[in-house]
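Subject: Structure handover

Dear colleague,

Here is the structure for your files. My notes on the metal site and the helix packing follow below.

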Amino acid sequence: MRCPFCKEDRDRVVDSRSSESGRIIRRRRQCLVCKRRFTTYEKAGESFKLYVIKKDNMRVPYEREKVVGGLQKACYKRPVSAEQVQQIADKVEEDIFRNFDKEVSSAFIGESVMRHLRDIDKVAYIRFASVYRDFKDADELIEEVSQAIQEEKRVKQPKLFEG
Ligand SMILES: [Zn+2]
């Protein structure tokens, strides 16, 4: 696999695992020349690299670590386990590969992370959203926060009436 950083074609596989459905195999590779790490994916026996199109239209290699890093930051001191963070990253990758083959927009990744994070922890979700979704003004952020709080209440309420 050609290294996305220095373009040399010598690497070793550091880690290899398949997605929940087993359709996608993710391989973590290290370039033997520049020592940087990158990830390749295999779908239906075909190995490829995924690229992310950023807001400024720059194409960069997709890095799972960035998704995980963003999640960890959002989940700091929240009751979200490292395993849950990995599970969210898995779901995000499932979303990506269900919809795209070789290129995906950073906006799609951000939305997907938010959708899955919202199910797990509302506070972490708000933190993540405030960074990734450019709230136009404070009102928009407050609107989002109060919606999340309302949902939280709806989820918790039934417990009040339990024996
Ligand atoms: Zn390299």
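Donors here are N, O and S atoms within 2.8 Å of the metal (3.2 Å for Na, K and Ca); water is not among the atoms, so sites may look incomplete. The donor residues of the zinc ion follow the spacing C-x2-C-x24-C-x2-C along the sequence. They are Cys3 (SG), Cys6 (SG), Cys31 (SG) and Cys34 (SG), at 2.2 to 2.4 Å from the zinc ion. The angles among the four donor atoms run from 108 to 115°, and the site is tetrahedral (four donors count as such if all angles lie between 85 and 135 degrees). For reference, the ideal angle for four tetrahedral donors is 109.5 degrees.

Please note that this is a predicted model: local features need pLDDT of at least 70, side-chain atom pairs count only at pLDDT 80 or more, and totals for chains, interfaces and linings use all residues. Residues are numbered from 1 along each chain as its sequence is written, and side-chain values use heavy atoms, with hydrogens and water left out.

Now the helices, which are DSSP runs (H or I, at least four residues) numbered from the N terminus. Axes are lines fitted to C-alpha atoms over the stretch in contact, and angles run from 0 to 180 degrees between N-to-C directions.

Helix 1 (residues 64–74) packs on helix 3 (residues 106–120) at about 45°, with the axes 12 Å apart. That angle makes helix 1 oblique to helix 3; oblique is what remains after under 35 degrees (roughly parallel), over 145 (roughly antiparallel) and 65 to 115 (roughly perpendicular). Contact (heavy atoms within 4.5 Å) involves Val67, Leu71 and Ala74 of helix 1 and Ile109, Val113 and Leu117 of helix 3. By class, the residues of this contact are six nonpolar, no polar and no charged. Ala, Val, Leu, Ile, Met, Phe, Trp, Tyr, Cys and Pro count as nonpolar, Asp, Glu, Lys and Arg as charged, and the others, Gly among them, as polar.

Helix 2 (residues 82–99) and helix 3 pack at about 135°, their axes 9 Å apart, and are therefore oblique to each other. Among the residues in contact are Ile88, Val92 and Ile96 of helix 2 and Phe108, Ser112 and His116 of helix 3. This contact has eight nonpolar, four polar and three charged residues.

Helix 1 and helix 2 pack at about 130°, with axes 10 Å apart. In this pair, Arg64, Val67, Val68, Leu71 and Gln72 of helix 1 meet Val85, Gln86, Ile88, Ala89, Asp90 and Glu93 of helix 2. The classes are six nonpolar, two polar and three charged.

Regards

Definitions and conventions. Helices (H or I, at least four residues) and strands (E, at least two) are DSSP runs, numbered from the N terminus. Four donors count as tetrahedral if all angles lie between 85 and 135 degrees; four count as square planar and six as octahedral if opposite donors are over 155 degrees apart and all others between 65 and 115; anything else is irregular.
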